[in-house]
Amino acid sequence: MAWTAFPYPEKEYTYTAASLKKSWAHLHLGDVEPFPDDKKVQDAWIAFHEGEFEKARKLGIAAGGAGITVANKAQAIYANYIEDDEAKALAHFDEVAKRAEAQQATSPNDPNAYYWHAYALGRYSQGISIAKALSQGLAGKVKESLSKTIKLAPTHADAHIGLGTYHAEIVNKVGALIGGMTYGAKKDVGIAMFKKALELNPDSAIARIEYANGLVMFDPKAGLKKAEELYAEAAECDAHDAMERLDVELAISEFEEDDDA
């Protein structure tokens with residue numbers, strides 16, 4: 001069955017190989033993915049940035065090598081933002097996590113092989129509930145892959161966001177004491193991760209959104225005002241591709257909900 005189409009069909013984001021290369025530094029500031037030499041992989045990335053996520057997955061898998069990263073990102077972003085069937089979304093995340101884990105074996109020095117494993121496993125964990133994920137040992141795997149990502153690519157802003165969210169989710173679920181003693185989760189470390197992500201990628205809407213969510217998870221009352229400010233900033237960010245548009249639209253919806261509350 002075909003995937004649901006990108007929900008903003010107007011052709012705002014169109015790329016050629018030349019324009020993709022020119023825009024690459026901004027588009028991939030968060031994940032530090034290198035520009036590919038392989039034309040087939042370039043085509044997969046063009047499909048991704050234009051919002052054709054199913055096509056990007058197919059082209060990426062067909063290209064192999066660095067194309068696997070495109071496939072993983074396209075499928076994970078689709079599952080997170082567009083797929084509204086929970087069971088299907090979980091199946092997508094599970095598939096990405098397994099494919100990324102296989103990619104680690106063939107490309108052990110590729111930071112995004114670890115990042116997309118962590119991202120997919122983290123979203124899968126949120127889908128089945130953090131409590132279940134903790135009981136299944138998934139949290140440790142997420143943290144391990146994110147830490148490996150940063151070890152291989154210290155400027156990987158998205159991995160810093162992921163680790164910030166890890167600390168926030170754990171502290172929110174089991175409390176600061178157990179979270180720190182059992183899982184190494186700490187509020188100050190989590191906040192430092194979010195701040196580092198914004199330092200590395202200062203125009204990022206998703207860094208602001210996840211930082212806001214983290215603040216509320218750490219302390220719903222004390223974190224609310226700053227979270228609202230971050231949502232407002234995220235809603236004003238410029239979108240340069242389909243994924244960034246999804247981030248901005250998410251921020252707008254969250255900001256509007258806060259106004260209505």
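Good morning. I begin with A242, which touches F6, Y13, F48, H49, E50, G51 and F53, leaving aside residues up to four places away in sequence; contact here means heavy atoms within 4.5 Å. The structure is a predicted model, in which local features need pLDDT of at least 70 and side-chain atom pairs count only at pLDDT 80 or more, while totals for chains, interfaces and linings use all residues. Residues are numbered from 1 along each chain as its sequence is written, and side-chain values use heavy atoms, with hydrogens and water left out.

A242 lies in helix α14, residues 242-260. Helices (H or I, at least four residues) and strands (E, at least two) are DSSP runs, numbered from the N terminus. Is A242 buried or exposed? Its relative accessibility is 0%, so A242 counts as buried. The term buried means under 20% relative accessible area, exposed means over 50%, and partly exposed lies in between, with a 1.4 Å probe and protein chains only. A242 and H49 are 193 residues apart along the chain, yet their C-alpha atoms are separated by 5.5 Å.

I turn next to S204. This residue is placed in the loop between α11 (187-200) and α12 (205-218). S204 is buried, with a relative accessible area of 7%. Residues up to four places away in sequence aside, S204 touches L198 and C237. A polar atom of the S204 side chain also lies 3.0 Å from the backbone nitrogen of A207.

V32 is found in another loop, between α1 (17-27) and α2 (39-49). With a relative accessible area of 29%, V32 is partly exposed. Its phi is near 45 degrees, which is a positive value in a residue other than glycine.

Finally, I come to a pair of helices. Two packed helices are described by the angle between their axes and the distance between the axes. Helix α9 (residues 157-174) and helix α10 (residues 176-183) pack at an angle of about 125 degrees, and their axes are 7 Å apart. Axes are lines fitted to C-alpha atoms, for helices over the stretch in contact, and angles run from 0 to 180 degrees between N-to-C directions. The helices α9 and α10 are therefore oblique to each other: angles under 35 degrees count as roughly parallel, over 145 as roughly antiparallel, 65 to 115 as roughly perpendicular and the rest as oblique.

Which residues of α9 and α10 meet? From α9, Y166, I170, V171 and V174 meet A176, I178, G179 and Y183 in α10. Thank you for your attention.

How values were computed: A polar contact is a pair of N or O atoms within 3.5 Å; within protein, one must be able to donate a hydrogen and the other to accept it, and residues adjacent in sequence count only if both atoms are side-chain atoms.
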